[in-house]
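Hi there,

Here is the structure I promised to pass on. Could you open it and keep it beside you while you read my notes below?

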Amino acid sequence: MGPMGKTGRFGFNFMGSKPTYTPAEKKGEINELRTQMKLAETDNNINKKRECLKKVIAYMTLGIDTSPLFMEVIMASVTKDVVQKKMVYLYLCTHAETNPHNALLAINTLQKDFGDDNPLVRGLALRSISSLRITSVIEHLVPLVQKGFSDTSPYVRKTAVVASCKLWRMSPKDFEDLVDKLQTLIRDSDSHVSCNALVVLNEALAADGGVQVTKQIVYPLLNKLQDLNEWQQCMVLELVLRYVPAGEDEMFKIMNLLEKRLYGSNSAVILAATHVFLNLTQNLPSLHLQVYSRLKEPLLTLAATAPMETAYVCLCHIKLLISREPEVFAENYKDFYCRYNDPSFVKSLKLEILVLIANTKNFKEILTELAAYVTDVQVDTVRRAIRAMGEISLKTNAGETAVSFFLEFLEMDMGFVRSETLNVLKDFLRKYTDIALIEPFFTAIIKHWKEMDDTVCKVAFVWILGEFGEYIDDAPYILETYCERFKEEPHQVRLELLTACMKLFFKRPPELQPILGPLLNEAISDFSHADVHDRALLYYRLLVKSPRVAAQVVCCPKTAVENFDTNESAEIKDKLFEEFNSLSVIFNIPSDRFIVPYDGILGEDEEEEEEEEEEEESEEDEESYDSGDDQPRGAQVGLLAPGPKPKQAKAVQRLQLDVNPVVDTAAYQAAWKSLDPCANVQIQLRPGATDLQQILARYSIVCLASGPGPVAGSTKFYFFASSGQQGIFSECLYETSGVFTIVVKSQVPQFGPQFVEFLQAPALQPLCV
């Protein structure tokens, strides 16, 4: 290779610029190469022939027209050297598709090589001729494939099977004559031939449900299952899923044949065999439960020994099995304890499984283990562990055991631990209402209330003040402090603050009366959030109508919550079992929700829709300019002007951010004061993110100003973007807990929701929880 920046051999510049050779240089190189090939042919030197063919392929790769060498390459195909054959076939297939005249010569050469004594050459010739994407090859390919089906070499038979699939792509009608022979090849002695024939038939006959599964097809494949590789075993197991045994004896026979597959080392084979066992016994409840016990050991072993990504997949399937029979895995709860080197996604899934298998026998050990995770270095794992403890205490009546742990968490000098504990207590106190049990919480909560800066934490704390304020001496005075900075709080806190003050007013009227009136007045006059305004107006009208009726509405008697209904529907769970060992289990949703049926050329529908939209727009433009007189456009618009066409009413401006938007501070401030909000949402980001400005700047969203926010430790940003020269102004508040509040204003109201969607994905997706 020459020095940097200069052209190397064959006139190619390795710095990425265009080749520097000229047509004259190319012509000279081709003539020189033709001379070399003739000399190598004369000398019958294999090494020289190989070097010449390598140069031909190199020129062809660089874009040089090597078609003048077609006859010399055809002559080079008369050889026993397989290396030369491969290069000749590559050349022939490349030029045959672009030159019909050369295609006939290439087909004749390949047909001749198909009669070679070497099975490797026969297979290469058949593979090459089936790779020609031209219609004229079909009449030559069909007899070659039929002859390849009966070849003595397994490699040629396998190549013929693959070639039949390519034939089906080009001419489904000609493929129909090969179906019967392909079904016979499923029982071929060679595993590669039989499995490839199975795949081809399943793909070609997919509209009819795939290959028809019979006893004559299934049993030969099952008997040689141990001789197949992992991919082939998975194909056979998928075929067995569609086979219906004649009776229980046949079902047990199949299960005995497959039992060894459960104790292998390949995760795909183990999960495929598991699916077969579950499918065979789904109509026999007692036997189905025994199958769960049989599957438990291999699945737990796989989850413990496999790489983390594979372990996660296995745990997802275990979680699905536990959702139907949790007691089977309940005694193995220790296998789902988190290890120190587990990644966060595995820890999260194990915590979900521990919640599912917790019962009255093991909840104490599980709660003790989960309490130890509070000191984990990953904040997300700590939060999930605390939530799991709350779910277990609600599920198993473990309130007395959980109380001591929650009290310890409230005393910890970690804000996110107290925040998540308070959020869990909001649900915990709906079930456990015994004051003797929960009263210690009130003292611990009041001790640290001034340090709460998380929105979720504040909402839970205010709810506790309203629900149990009669047992907390300082409850009215704490609520008064929140009311003083009412407008500075997020709308979630304001909503809960209105309800809490109303509840406590009927429990401690003298102390809340001077607080409730100004609070309602301020909330009713605040139009920044519709829900806050409407709730305050509702409470005010209830009090005006009748305080007694208001007390019955706000402080109605409540029954203790036994459990929270978070279970999935039985229908979805059944679909997931039908799609066992697939992405549906990983995503926890049926495949019809994330797979779009495909029929046709990729992108064809989108191109047609774009063409239709362009035609409609051009027609609309012509109609708008062709008004029939010399009046300027828009002069006819008035009370008597015809209304817009229904087709035009569907037009919606779509957001497309401009590159490098520019706005000065004065214009930003003037626009912010004059415009109304068109979007106001909150999203949860990763706590402690420091690169918000840099991430958004990549998407042409510039930060004009930033500084401390109204909440302790928070940061306020003012961002600007534009779409079609229309400004998009946003005020964002990022709290230390990761809560990101966005208020958007724009001259085009539709841009507000679209801008928020763009922020959630793709702009801020790396920071989302």
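Axes here are lines fitted to C-alpha atoms, for helices over the stretch in contact, with angles from 0 to 180 degrees between N-to-C directions. On the H14 side, Met251, Ile254, Met255 and Leu258 meet Val276, Phe277 and Leu280 of H15 (contact means heavy atoms within 4.5 Å). By class, this contact has seven nonpolar residues, with no polar and no charged ones (Ala, Val, Leu, Ile, Met, Phe, Trp, Tyr, Cys and Pro count as nonpolar, Asp, Glu, Lys and Arg as charged, the others, Gly among them, as polar).

Next come H26 (residues 475–484) and H27 (residues 491–507), whose axes come within 11 Å and cross at roughly 145°. H26 contributes Ala475, Pro476, Leu479, Tyr482 and Cys483, and H27 contributes Leu497, Ala500, Cys501 and Leu504. That contact divides into nine nonpolar, no polar and no charged residues.

Finally, H8 (residues 154–170) has 17 residues and reaches 25 Å from first C-alpha to last, close to the 24 Å expected (1.5 Å times one less than its number of residues). Among its buried residues are Arg157, Cys165 and Trp168 (under 20% relative accessible area, 1.4 Å probe, protein chains only).

Residues are numbered from 1 along each chain as its sequence is written. As the model is predicted, local features need pLDDT of at least 70, side-chain atom pairs count only at pLDDT 80 or more, and totals for chains, interfaces and linings use all residues, while side-chain values use heavy atoms, leaving out hydrogens and water.

Best wishes

Technical notes: Helix = DSSP H or I, 4+ residues; strand = E, 2+ residues; numbered from the N terminus. Buried < 20%, exposed > 50% of the residue type's maximum accessible area, 1.4 Å probe, protein only.
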